[in-house]
Amino acid sequence: MSYVDEVYERVVRENPSQPEFHQAVREVLDSLRPVIERNEEKYRREALLERITMPERQILFRVPWVDDKGQVQVNNAFRVQFNSAIGPYKGGLRLHPSVNLGIIKFLGFEQIFKNSLTGLPIGGGKGGSDFDPKGKSDREVMAFCQSFMTELFKYIGADVDVPAGDIGTGAREIGFMYGQYKRLTGKYEGVLTGKGLTYGGSLARTEATGYGLLYLTQEMLASNGHELAGKTVAVSGAGNVAIYAVQKAQQLGAKVVTVSDSNGWIYDAEGIDVALLREIKEVRRARLTEYAAARASAQYHEGRGVFTVKCDVALPCATQNELRIEDAKALVANGCIAVAEGANMPTTLEATEYLQKHGVLFAPGKAANAGGVATSALEMSQNSMRLSWTFEEVDAKLQSIMVGIFHNIDEAAKAYGMAGNYVAGANIAGFLKVAGAMEAQGVV
């Protein structure tokens with residue numbers, strides 16, 4: 001049995017009932033086979049793959065808090081500090097009922113390679129809780145966040161572990177967490193990113209993941225003889241990533257015709273109205289039915305279906321495993337030429353393989369959505385220097401990073417005889433940097 005297969009079997013055996021984590025490990029290790037086979041004896045002796053697939057630290061804790069009725073509630077919480085070979089742990093905090101240890105480990109494992117690809121000195125980590133901020137009052141959210149941070153603060157720090165936002169964790173939640181961290185430690189430091197602009201946040205951070213997605217997509221298309229301008233784009237999701245992906249795609253001359261939420265999706269033949277979408281999702285926190293009610297050109301559909309629309313480019317920006325094999329077949333049948341992942345692992349392995357087999361350009365999330373964490377690292381830099389860069393300065397650095405990521409993964413794929421396979425390229429480029437740092441630092 002090959003070293004890759006041995007390690008994968010061990011991961012499955014030691015992490016039962018964690019299918020998302022198994023999927024992430026399988027996807028990475030399979031694409032690393034050419035690299036591992038060239039160095040199998042050395043990597044096996046060093047147990048390099050065992051060490052990179054096993055978190056350095058897993059922190060599990062309870063979060064008790066009191067709701068507005070005076071009832072004590074208790075949630076599960078996690079922080080997985082996966083790999084610190086190239087810098088302090090860096091990764092978001094997800095607040096959603098679906099959160100469990102397996103999902104956090106899948107996200108943290110992906111984060112190792114995503115962070116490596118940015119070229120910045122940040123390691124991989126992830127955290128969160130099964131707390132649902134939806135429908136909660138500001139006081140209830142504050143109560144939860146303060147209790148959550150009262151335990152988490154012991155394990156994080158500006159040079160140790162720097163969490164950020166994620167699904168369910170926006171500016172409100174980061175503010176409450178930061179206030180409690182400062183209260184408990186007496187330190188005013190860049191321990192969290194995604195902070196408000198009044199207390200150390202970075203301009204362009206809100207837009208960064210969506211903008212970065214389009215910068216990489218545009219470069220991928222250009223390198224393969226296509227232009228983004230004039231293309232029809234299907235976007236899934238209606239959260240932070242999707243909104244700013246729509247905005248930047250339109251700024252670059254594309255026409256975005258779909259968005260979606262957990263209930264249904266919108267098709268707008270005239271192009272998505274970003275101002276209306278932001279009003280509904282960021283201000284009213286309402287459903288997309290209100291978008292359709294306010295715009296005559298929009299059609300609302302219940303359930304799934306975003307990727308059945310004829311488009312040139314598809315950008316899945318909602319959640320994991322949303323783009324399935326039937327969606328991939330529809331995209332290919334409708335002439336889609338490129339898919340770039342705005343969410344974390346939104347495409348199933350089966351769908352990814354189908355798209356690649358049929359010649360669709362495919363940019364995996366660990367490369368395509370790295371703009372968010374890259375800008376978080378830029379926020380860390382600004383905090384350390386006690387400086388604040390302009391929006392244009394941050395945006396220019398972001399664009400440079402995303403263009404650099406594309407060419408890094410393109411060259412890595414070509415170096416191992418897999419030209420055009422950007423999934424393999426992303427995993428190989430991310431892995432080689434981390435592996436080199438781990439080897440240099442000894443058995444730790």
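## Residue G342

G342 is buried, at a relative accessible area of 4% (buried means under 20%, exposed over 50% and partly exposed in between, with a 1.4 Å probe and protein chains only). This is a predicted model, in which local features need pLDDT of at least 70, side-chain atom pairs count only at pLDDT 80 or more, and totals for chains, interfaces and linings use all residues. Residues are numbered from 1 along each chain as its sequence is written, and side-chain values use heavy atoms, with hydrogens and water left out.

The loop between β11 (338–340) and α14 (349–357) contains G342; helices (H or I, at least four residues) and strands (E, at least two) are DSSP runs, numbered from the N terminus. Leaving aside residues up to four places away in sequence, G342 touches T209, L213, V241, P316, C317 and N369 (contact means heavy atoms within 4.5 Å). L95 is 247 residues from G342 along the chain, and their C-alpha atoms are separated by 18 Å.

## The seven-stranded sheet

Seven strands form an open sheet with mixed pairing, in the order β9-β8-β7-β6-β10-β11-β12; two strands pair if DSSP finds at least two bridges between them. Its edge strands, each pairing on one side only, are β9 (298–302) and β12 (361–363).

Strand β8 (residues 264–268) pairs with β9 in the antiparallel sense over five bridges. D268 has A298, in β9, as its bridge partner. Strands of a sheet pair through backbone hydrogen bonds, either parallel or antiparallel.
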